[in-house]
Amino acid sequence: MWSVSKVYGSGAQSVTALNNMTTSFRAGTFTAVMGPSGSGKSTLLHCAAGLDRPTSGKILVGDVDLSTLDETQLTLLRRDRIGFVFQSFNLVSALTAEQNVALPGRLAGKAPSREQVNAALAEVGLARRGGHRPSELSGGEQQRVAVARALISRPAAVFADEPTGALDTKTSRDVLALLRNIVDRHQQTVIMVTHDPSAAAYADRVLLMADGRVTDELYGPFTAESIATAMANRQEQPC
Ligand SMILES: Nc1ncnc2c1ncn2[C@@H]1O[C@H](COP(=O)(O)OP(=O)(O)OP(=O)(O)O)[C@@H](O)[C@H]1O
């Protein structure tokens, strides 16, 4: 994305969520996006994933300039090339876990086989829960169904917004290991917003944001401590 700005509202009420931001996400890598509340992390994710349009600037997914796409084309691009693991934006409540996992493929006219669906659910440890609806699953299990859905359609990029925010430590580690796995084994690209240094430690790179811009980039391998220390040091620096 190049020189991207996103302004919500207008006049005195306007909020600049992204301020001339330029960055890129290399294919087959795992990036964590961190920064204080309100720094623009979710807005970055939504714009980069084609869920929202920037006010100005250019966003390329592969060689496609998102601003040249109409709503239908944008929907198709999201369906075919992008996976989402969002807390608030997850599963279709009327469908079973199996049906949720199969849904993107079915919508794209490439319905996965029962074996593929079962293999994806087994990979996230839910082999026996395929017949259950989201309301019958815990938060962590629902999140793992969302990861299975991202695994099965093999989108080029997977966007995750606080994917472990509501999970306990053990379940968080499982979900993060799954995200790491889709990068290492399948060369998919993962972009994850998190507040948690131990979640960010699974990434190859950490983007630190403040006031709608990238203020720093850190490169792994990381530990939770190394990220926490780097963030604390930057906060202490005078502006
Ligand atoms: N729909 C909206 N209308 C008006 N302002 C908005 C809207 N969405 C976000 N903002 C504002 O844009 C700024 C960036 O928001 P964003 O959600 O991207 O931050 P964030 O870094 O993800 O924050 P958090 O860590 O709290 O989730 C904030 O000041 C927020 O209040």
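Of the 239 residues of the chain, 38% count as buried. Buried means that 20 or more other C-beta atoms lie within 10 Å of a residue's own; exposed means 12 or fewer, and partly exposed is in between, with C-beta atoms placed from the backbone. The model is predicted: local features need pLDDT of at least 70, side-chain atom pairs count only at pLDDT 80 or more, and totals for chains, interfaces and linings use all residues. Residues are numbered from 1 along each chain as its sequence is written.

**The whole chain**

The C-alpha atoms fill a box of roughly 55 × 45 × 30 Å along the principal axes. The radius of gyration is 18 Å, which agrees with the value near 18 Å for a compact globule of 239 residues. That radius is taken over C-alpha atoms, and the globule rule is 2.2 Å times the number of residues to the power 0.38.

Now colour by secondary structure. The chain has 8 helices and 11 strands. Both are DSSP runs numbered from the N terminus: helices are H or I with at least four residues, strands are E with at least two. Among contacts in the chain with a separation of 6 or more, 66% join residues 24 or more positions apart. Two residues are in contact if their C-beta atoms, placed from the backbone, lie within 7 Å.

**The ligand**

Select the ligand next. Around it are Y8, G9, V15, A17, G35, S37, G38, S39, G40, K41, S42 and T43. The most comes from α1, with 3 residues. By class, the shell has 3 nonpolar, 8 polar and 1 charged residues. Here Ala, Val, Leu, Ile, Met, Phe, Trp, Tyr, Cys and Pro are nonpolar, Asp, Glu, Lys and Arg are charged, and the others, Gly among them, are polar.

**The core**

Nonpolar side chains tend to be buried together in soluble globular proteins. The largest nonpolar core here holds 57 residues, of which V147, A148 and L179 touch the most other members. Such a core is a set of buried Ala, Val, Leu, Ile, Met, Phe, Trp, Tyr and Cys residues joined through C-beta atoms within 7 Å. Its largest share, 7 residues, comes from α5.

Select L179. Leaving aside residues up to four places away in sequence, L179 touches F30, V147, A160, V190, M192 and Y202.

Move to M34, in strand β3 (residues 30-34). M34 is buried, with 24 other C-beta atoms within 10 Å.

Go to T75 in helix α2 (residues 71-81). T75 is partly exposed, with 13 other C-beta atoms within 10 Å. From T75 to L107 is 11 Å, C-alpha to C-alpha, and 32 residues in sequence.

Then take α3. Its buried residues are A97, E98, N100, V101, A102 and P104. They pack against α2, α4 and α5. Just after α3, G109 has a positive phi of about 75°.

Helix α4 (residues 114-123) comes next, with V117, A120 and L121 buried. Look down the axis of α4: these residues fall within an arc of 95°, so they line one face of the helix. The arc is that of the directions from the helix axis to the C-beta atoms. Their cover includes α3 (97-107) and α5 (139-152). After α4 comes G125, with a positive phi near 80°.

**Backbone stops**

Most residues other than glycine have a negative phi, and most peptide bonds are trans.

- E162 lies in the loop between β8 (157-161) and α6 (169-186). Its phi is positive, about 45°, although E162 is not a glycine. E162 counts as buried, with 20 C-beta neighbours inside 10 Å.
- D211 lies in the loop between β10 (205-210) and β11. D211 is not a glycine either, and its phi is positive, near 50°. D211 is partly exposed, with 15 other C-beta atoms within 10 Å.
- P221 lies in the loop between β11 (213-219) and α8 (224-236). The peptide bond from G220 to P221 is cis, with omega near 5°.

Terms used
A residue is near a molecule or strand if its C-beta atom, placed from the backbone, lies within 6 Å of it.
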